[in-house]
Amino acid sequence: MRRMETARSAPRPRKKTLTPSRLTLFALVLPCIALIFAFNYIPLFGWLYAFYDFKPGIPLSQSEFVGLKFFRLLFEDKEQLATVLINTFGLGILSILVSPLSAVFAILLNETASNRFRKVVQTLTTLPNFISWIIVFSLATAIFSSDGMLNGLLMKLGWIHDPTNVLADPGAAWAFQTAVSVWKSLGWGSIVYLAAIAGIDAELYDAAKVDGAGRFQRIRNVTVPGLMPTFFVLTLLNIAGILSVNFEQYFVFNNSLVAAKIETLDLYSVRIGISTGDVSFGTAIGMAKSVVSIVLLFLLNSFSRKVRGQSVF
Amino acid sequence: MRRGTSSAALAGTLAASLAIMAGCGGNSSNGAGSPSASSSATAGASATASASAASSASASAGSSPAAAADKKPITLKVQFAATGPDFEGTDVYNEITKQTGVTMDIELFNEDKFKVELAGGDLPDIIQVKNTGTTYLQQLIQGGSIIPLDDLAKTNGPAIQAPVYAKSLDYSRKFWSNGTGKLYLIPVQVGPSGWGFDQQPGFVTRWDYYKELGYPEIHSIDDMVNVLADMVKKHPTTADGKKVYGTAIWNDWATWGLQSMGLVTGNGFYNVNTGAPANDYTDVEHSDMWDTIQFLYKAQQKGILDPDAFTAKYDDIVAKATQGTLLSSQATWPFVQANADLLKQGPDKGFMTIPLDWGYVYVGGSTVAGWGDRAFAITKNCKDPQRAMDLINFLVSEQGSRLIESGIQGTHWDMVDGKPQMKPEVVQLRAAGGDPWKKTGINMAANQQGLTDFTTASDGSVVNLFDTPEMFASQNNSLTSDYNQHYGVTYPAEAYKKQADAGKVKTMDELPQDVLNAMATAPEDIQRIKAKLDDLITKGAPTVVLKSKDDADYQKRQQDLIKQLNDAGADKYFEWYKQAFADAKAKIEG
């Protein structure tokens, strides 16, 4: 042990020469770098459009440079901006609040005695993650719309006389969208936690057992603390992505009744940029969103570093 | 959804018209112009007096498109409005290829896709420009995405050079050239329109239920709601126990559904009742939007508004109509399948348009601009503009228009005693509908034909040979016969026509289509206001309709929404609209 510490305290000087093995490693990472550059950095060129009065079909070189006009426009319509920000943060915070459900689900699965049952449940709950949102929307319509299965059943049972339609209920929009999102992502989200549970030292469980801990106590004192680092990193990343949550979901579930409740920044950007054809304005909205996201990530990261001593970077 | 049939075409032009009335606003839907089609849909009637007069100029289009067939075969990518790839392989499609030597690789117009293609310079060889209410034409010309057609029209457009097209080309150069005076767009559906076999837009409801109520008179929106409420009272559920509702609108054609009551009342941005523009957002008395909202509110108060009224898409409405849970709409299109099913259950069961003795009926009119939102253009991407012009020339020619609406001479129609007549077996095929009829391709490309159905061709008959009195007789079934008998007419549309002839109902003859089509493109700030106003009223209408407890509450909510609209610039938009209308009118008249 002492010898190892000595070895650590005096690391060998790094070789700076390019060896074939180093080149191989670099070659392996190169495609990833290229992909990230191609899909995450090159599109940033598009931000340029937010500063020009761009109209599709007319080259950017012939478009008028308007500086921050569209950013000013964004802040001029305060009411609209407030609505979309409230929706974005509201839905985002709800998604953060329900994020522990995946961890809870993973713990429950892990505690299931029957291996076969666990596998079946895991498969069934992971499956929705691979269903596209448009199919989820069709399913939800078939079940929850006024002439859907749920209303049909409740009316047949005589429990209700007039059909309900949660898809068109602005009061229930946030809760319903969050519930759909949980249904779709629960199984998938639990995979990371299952992996984290598998990584917990089995000796800790054995020790707890020897100390007389029951199943619940083992969960509380071994599993949960073992999952916390993973949970915090994921939550941190989720919070940073709070402004970008589930665009496709809100896009397909949008209708005039719930629009005021589920129009998030992304949806607003698409409505202005694509539907209305105001490309530059739409880009400005998207750009503002990215800037806020980055600021949010840095703030939370430093906050986490100070409070818990852990951070993403 | 089938596209391109006469009902689809009518829906297309309806949508265009509503867009025209709206003046501008780029967020209209892609779905417009695509209702399910009916084999028993428009067949048309003998042209009205005005239509006949207008068409007397005749369309002796002097084309010789057959010459094009001698040229080397070529495939061109075309982007058509309301006509999709399902047109490919039909008899009419194959004949177009045979006549022109051009094989059309058809892409259905989708506005979002079009925008992406426009931005990326990936437009197909030929496009139809959604010109009304958008800035696309300006962008296309300014960015050099479409080419001037003046020279091509001379060398490869004999049909376009025909006298029937002269005014249309002048119009196109004057109003659709971004001030360059060049010819960029070749209009479609130029000429007079007339009464079809049945009147498709209007107050459509269950005929047998209406009969059961004793044909109550309908003089107002209130009466419409009361009639529907009485029907629901007598027939609260379908045979399989599903709850029946009086009405609903579809919400995927931008503000079309919200404006649909204007098809009955005549209110709207251009108000046929006053003969002047009206502030559709805030002028409650003259607004089609507020007419619709009032109708839906009253239906809600009576408990007959479908709970999905503000979320349903067109296909949902068709499904509801077919299931029998919906009793009315402002057009016959959703009820095609329902009518086919109901006819099997009883001779007088089905949906018909009730002829009202007030308001407006969406029919008639004549235009040199044609359907302003789908004129042809050739893009700079086209490798062979001459052949593209050959194709456009054929489609808009008298021969092409006749082919699109009536099929191939010798196969679908014949000259009998010097008069062109549809073959009886083709008439039967149309009545039967289904795939065999679809295979003919007749009536599927109505959005691409140059001359209207009611234009008189050089052989003395109208372009659409189904639009003759003899044809109407062959189309009546037990339902329409029952309807005809009640109103003392020989074909259904004639019931409304009688009201129009008596001057009780206004028609599209009073709609200055050419002025509306010539209105300048709205500047950016006005377009932004329009988009905001449409968004506000689309989101605000459900609250007014569904949340208002009583009339007083309705008035309050209405005023609240109007205040929001005014705050968002409704007045500013209307000022622009009025000025743009006046300017266009002065130019047309000058």
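Predicted model: local features only at pLDDT ≥ 70, side-chain atom pairs only at ≥ 80, totals over all residues.
Mentor: A word on conventions: residues are numbered from 1 along each chain as its sequence is written, and chains are lettered from A in the order in which they are written. Local features need pLDDT of at least 70, side-chain atom pairs count only at pLDDT 80 or more, totals for interfaces use all residues, and side-chain values use heavy atoms, without hydrogens and water.

Trainee: Why is the pair B:Lys243 and A:Asp162 called a salt bridge?

Mentor: The term asks for a side-chain nitrogen of Lys or Arg within 4 Å of a carboxyl oxygen of Asp or Glu. The closest N and O atoms of B:Lys243 and A:Asp162 are 2.5 Å apart, so the pair qualifies.

Trainee: How many salt bridges are there between chain B and chain A?

Mentor: The count is 8, whereas domain 1 and domain 2 of chain B have 0 between them.

Trainee: What makes residues of chain B count as in contact with chain A?

Mentor: Contact means heavy atoms within 4.5 Å. On that basis 29 residues of chain B touch 33 residues of chain A.

Trainee: How much area do chain B and chain A bury between them?

Mentor: About 2,500 Å², with 50% of it on carbon and sulfur atoms; buried area is the accessible area (1.4 Å probe) that two parts lose on being put together, summed over both. On the side of chain B, B:Glu524, B:Arg528 and B:Lys539 supply 22%, more than any other three residues.

Trainee: And what area is buried between domain 1 and domain 2 of chain B?

Mentor: About 320 Å², of which carbon and sulfur atoms give 66%.
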